[in-house]
Amino acid sequence: MTARPLAPASPWVESVAVPKPSAPPVDLPLNPPPGPAQLFAAFAKAGLMGFGGAQVWVRRALVEERRWMTERDYAEILGLGQVLPGPNVGNAAVMIGRRFAGLPGSFAATGGLYLFPLIVLMSLVLLWQEFADDPHVAAFMHGLACAAAGMVIGNGLRMTGRLRPPPELIAIGIASTLAAAWLRVPLPLIVLVLGPVSIAAVVWRGRRGTGVGA
Amino acid sequence: MTGPVWDLFLFFLKLSLVAVGGANAAVPSMHHEVVELRHWMTDAAFSQGYALASAAPGPNVLFVAVIGWHVAGWQGLAASLIGFLGPTFILAWAVAMLTQRLAGDPRMAALRAGLVPVAIGLILATGLVTGAAAARGTGAEMAVAVLITFASAVVVWRSNLSPLWALLGGGVLGLVLLSQ
């Protein structure tokens, strides 16, 4: 086997090339990197749309609509954002902004993400008493909350489908889900235990798949 | 800055760096401090603020802005948000710098790739937990709620439609089927 250099970051995405006809094309060329104004606009839209999880909308805007980064790039940044303290999407905004446009990019992405939702939320807080007792509003919001939960689940499944992880990483993902949702293990503990296991699995797969030591 | 504004700033500053998993993971700590220890908010106001922040668009972390505003008005809002988001901004910035500097290092590549399944697993867990919390009411209402969650998940997973349609559809179905 020729020792292919361990080029683009993680080895496992390339190694399992099972075609999935139903998945949208993953390998379209990326668009040129955005400046602070474009970052602000993209994150502002994602924040305003972001019912039940702005992360879903940030991924859609950056990976599928504007194609500034690949699915894998985004997933890796979100992964770092998840294990750092603070909101995962907020951490991702800082890191994505920095990568494309330095400190102005980080401030633009963060500002866009929080500014308009903050205005909407404070308007709701100030106006809420007028709506709180309306059963129609409550019923609509209940249905919306259910759909938002489904959206977060569907988005996680969609990312997994496009990343095409090998079975051991799927098993680790399922273990994380069960530990958090069913066993209610504290998140830092899950990250501290399953994180190293997962990293070891990636290294093992890299050695096996390419013959290059990690 | 004096009194409650400063206290809010310090409290959220301390909470910020232990809030792995975002604001949702820190809500029990906030409740303990804000409601039980300092009596800054009543239990009802806290719950209603959290419900609003969850229902409104945008990151749920904006709940800290609602707390700050309740306790000390617009100054409190700013103090809470800056206290909670400032340290995480700096940390994320530093980590981004480190990862970009070590971009070619295979250990960094393995670290980044290895965190992905855990992160996606935790995101799925968030969806399942909020979905279970939204499945409330009578038996029929619970069935409708689960159906909306399931249908929305399938639409977002398998189609290229904007998730906005799933949200809108869920809201309308709720309006028709979940009104008492």
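Select B:R112 and A:E76. They form a salt bridge, with the closest N and O atoms 2.9 Å apart. (A salt bridge is a side-chain nitrogen of Lys or Arg within 4 Å of a carboxyl oxygen of Asp or Glu.) The count between chain A and chain B is one salt bridge.

This is a predicted model, in which local features need pLDDT of at least 70 and side-chain atom pairs count only at pLDDT 80 or more, while totals for chains, interfaces and linings use all residues. Residues are numbered from 1 along each chain as its sequence is written, chains are lettered from A and ligands numbered from 1 in the order in which they are written, and side-chain values use heavy atoms, leaving out hydrogens and water.

Now show both chains. In chain A, 99 residues are in contact with 84 residues of chain B (contact means heavy atoms within 4.5 Å). The two chains bury about 7,900 Å² between them, 78% of it on carbon and sulfur atoms. Buried area is the accessible area (1.4 Å probe) that two parts lose on being put together, summed over both. Pick out A:P85, A:R98 and A:H142. These supply 8% of the area that chain A buries against chain B, more than any other three residues.

Axes are lines fitted to C-alpha atoms, for helices over the stretch in contact, and angles run from 0 to 180 degrees between N-to-C directions. Contact residues include A:G173 and A:S176 of α7(A), and B:G121 and B:L122 of α5(B).

Finish with α2(B), residues 22-37, and α4(B), residues 63-101. They pack at an angle of about 135°, axes 15 Å apart. That makes α2(B) oblique to α4(B). Display B:A23, B:V27, B:M30 and B:V34 of α2(B) against B:F63, B:V64, B:I67 and B:F84 of α4(B), which make the contact.

Terms used:
Helix = DSSP H or I, 4+ residues; strand = E, 2+ residues; numbered from the N terminus. Parallel < 35°, antiparallel > 145°, perpendicular 65-115°, else oblique.
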